[in-house]
Amino acid sequence: MLARTAESLFWLARYLERADYVARLLQGAAHMSAARVDADRSSEWESAILASGAENAFSARHALVSAPAVIDYLAFDTSNPSSIVSCIETARRNARTVRTALTADMWDAINSTWLELRNFDPEQMDDDRLAAFLDWVKARTGLFHGVYASTMLRNDGFYFTRLGQFLERADNSARLLDVKYHVRLPHAEDVGGLVDYYQWLAILRVVGARRAYRVLFKAKVAPIHVAELIILRPEFPRSLVFCFEQITTQLDRINGQDPQRSAEGKRLAHSLYAQLRFGRIDHIFNSGLHEYLSDVIVRSDELGLEIAKGYLF
Amino acid sequence: MSAAGFDEMQGPDGTRAPYALVDAWLKSLPREQLALKRREAEGLFRRIGITFAVYTEGGDPERLIPFDLIPRVLAQAEWQRLKLGLEQRVKALNAFIHDVYHNREILRAGRVPESLILNNPQFRPEMAGLDLPGHIYSHIAGIDMVRTGPDEYYVLEDNCRTPSGVSYMVENREVMLRLFPDLFRRGLVAPVAHYPDELLETLRSVPPPNCRGEPTVVLLTAGIHNSAYYEHAFLADEMGIELVEGADLLVKNDICYMRTTRGLARVDVIYRRIDDDFLDPLVFNPESMLGVPGLYFAYRAGNVNLANAIGAGIADDKAVYIHVPEMIRFYLGEQPLLSNVPTFDCRNPDELQHVLANLKDLVVKEVHGSGGYGMLVGPQATREQLAQFTALLKSRPYDYIAQPTLALSTVPTFVEQGIAPRHVDLRPFVLSGGDRIRIVPGGLTRVALREGSLVVNSSQGGGTKDTWVLEGPG
């Protein structure tokens with residue numbers, strides 16, 4: 001496969017995964033904000049910005065964190081390369097450059113999404129319309145994921161698409177959990193209190209795992225279980241260990257043909273996967289969740305660079 | 001003058017035979033239905049992403065070319081006649097280009113003026129003496145034809161470089177099949193969907209001399225901002241070959257490779273859709289970011305073949321066009337089956353005088369122009385335009401030719417006012433391989449949507465139609 005084609009598929013999948021994640025972040029923030037459990041309601045919106053990794057760029061454009069500012073920046077602002085609109089635009093641009101590597105259904109899923117995007121007017125957003133828009137984004141990215149999984153040939157094109165999707169997802173899950181540490185609770189005594197509880201619950205809501213949590217832990221929402229779910233549980237398709245299982249599988253398949261290529265990328269991915277697979281949540285908590293997640297985020301970035309180098313992106 | 005034209009459907013004695021099916025269909029179809037189907041067709045074009053970028057315009061960079069639902073029909077006998085003429089013409093054009101870069105016999109024989117060729121910007125001295133597989137230069141030629149009567153056809157121009165539009169030929173049929181499956185059920189219309197297969201066979205029939213085994217074929221595009229990008233992606237997809245950009249290719253030791261996730265892979269035949277000037281910055285335009293440094297040397301060394309060949313544009317020139325009938329006589333010893341439009345070569349003082357005196361009745365074209373840019377349609381020109389072209393002709397006569405305005409045939413077309421006759425042309429695509437010539441029946445019909453207009457180019461607001469060649473006699 002042409003290196004440029006592999007690169008475009010990789011980024012196409014990353015951007016659509018990111019659009020889905022940003023939509024989930026905004027839904028989570030909107031829900032938290034409506035629940036009014038927190039005295040200082042801007043903190044949900046602040047944490048959405050932090051979890052999207054865009055805090056510096058956001059503060060360069062907006063002096064204050066407010067619901068309309070965050071919604072506009074994360075959903076519609078074309079100057080933000082990770083806004084939902086930008087993600088869809090970039091994904092479609094990538095799709096156009098590699099049309100010959102897409103199945104007809106994949107092209108239709110992306111192109112129709114891009115065409116339908118025009119039906120949503122950022123100027124006319126209210127709560128209902130925003131909710132409809134975010135649901136639509138999730139449905140469309142879900143459609144793309146289903147269509148590519150069920151129509152693509154199992155060769156390099158599929159492996160690089162999946163690699164992009166799960167590298168992005170790992171990064172998103174790690175950031176989402178890490179943000180819990182950036183959100184200052186109003187008062188120290190609130191740790192373990194109602195606000196704290198709702199914030200952990202909100203994380204589950206964003207990754208669509210309230211039900212998964214009940215099935216796996218059969219317990220009240222507790223930080224250590226939420227962290228375990230998102231980092232270590234192989235059953236949960238947004239956990240870091242699940243993502244890295246996918247990443248190493250795809251890299252092995254790509255490498256199977258040519259073991260010399262990108263040996264370093266493969267080593268990075270497998271060492272991180274081994275660490276996640278054999279990790280224990282009490283160890284992670286004792287040595288510091290934030291440090292652990294920061295390390296995962298840095299090493300995922302390195303892996304991304306190594307893949308680009310190894311496969312001539 | 002448009003009123004006097006020949007209508008391909010309505011003859012003096014009623015509906016002409018080839019249009020019987022279309023006529024019956026139109027009579028059975030309510031107008032609202034037609035309008036509805038047109039909107040459906042537009043939706044399909046948007047969804048498939050069949051768009052065309054128009055450089056000079058602001059606004060939507062991905063524009064649709066208007067598609068007219070009413071087909072243009074040719075009877076099998078009419079088509080056979082055209083087909084023989086097209087084969088003959090393209091054979092002569094390839095022989096001419098080969099000759100120009102080798103012994104130049106036609107120039108020495110004084111049948112084509114030497115200065116017209118050797119001083120022509122489309123003449124590439126870099127091609128002198130290079131032997132190409134099958135001696136083919138224009139593997140894909142688009143020959144623009146017009147019709148003025150039941151048995152009168154003219155070739156308007158030969159596109160020997162990188163003619164585009166064939167994706168519309170295939171997709172227009174695809175859309176018609178989806179919208180009106182009943183129309184095709186009786187199997188009266190010759191299919192066109194195999195064009196990409198024919199193209200791939202053609203490209204595989206001209207491997208470079210040093211190619212061993214099955215040739216690897218790729219399509220070289222300038223990228224998504226090129227106006228014909230959809231067509232490049234469509235053809236590469238249908239042929240199952242890689243769609244590459246210049247940066248995907250590299251030349252090492254005169255061998256051309258593409259960069260893949262498994263390292264470098266050798267490339268043998270490049271169907272290139274970028275112009276000569278941009279192909280190789282080491283030899284042609286040094287500013288080009290689209291091409292591949294060293295490609296020309298790999299080509300010369302016989303390690304890669306290009307379709308179409310570098311320098312094929314010498315046969316595109318509108319002043320060279322004048323001499324195509326002579327080429328047919330000179331190389332093939334045959335009489336031309338297709339007519340040229342009588343053309344005035346403004347480099348000759350007598351002809352220039354005539355052109356200047358009759359400017360308002362003539363069409364003036366720039367010899368190197370294409371896409372309907374830089375032309376004057378005398379009968380429709382303003383006084384300022386006539387004055388402007390008079391000055392241009394006087395200062396640079398060698399850059400222009402002039403032709404009488406032909407009464408182009410019309411075909412019923414669904415426009416704002418309902419169904420009305422509009423002028424059309426026809427671009428069949430002629431594929432020349434190392435083994436034989438292939439032509440898919442029909443071609444691209446372009447239609448001038450404005451009443452009375454003769455300019456069919458998509459860059460000038462023209463539309464397209466599905467083109468039917470009827471199977472069997474009749």
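This is a predicted model: local features need pLDDT of at least 70, side-chain atom pairs count only at pLDDT 80 or more; totals for chains, interfaces and linings use all residues.
1. Residues are numbered from 1 along each chain as its sequence is written, with chains lettered from A and ligands numbered from 1 in the order in which they are written.

2. Chain B splits into domain 1 (7-190 + 313-336 + 418-468), domain 2 (209-303) and domain 3 (342-405); the bounds come from an automatic or database domain assignment. Over C-alpha atoms, the centres of domain 1 and domain 2 of chain B are 26 Å apart. Their contact takes 17 residues from domain 1 and 14 residues from domain 2 (contact: C-beta atoms, placed from the backbone, within 7 Å).

3. An open, antiparallel sheet in chain B has four strands in the order 14-17-15-16. Strands are DSSP E runs of at least two residues, numbered from the N terminus, and two of them pair if DSSP finds at least two bridges between them. Strand 14 (344-345) and strand 16 (375-377) are the edges. Two bridges join strand 14 to strand 17 (residues 400-404), and B:Asp345 sits opposite B:Ile401 of strand 17.

4. Worth a click: B:Leu93. Leaving out residues up to four places away in sequence, B:Leu93 touches B:Ser138, B:Ala141, B:Asp158, B:Cys160, B:Ala315, B:Val324 and B:Met327.

Definitions and conventions
Two residues are in contact if their C-beta atoms, placed from the backbone, lie within 7 Å.
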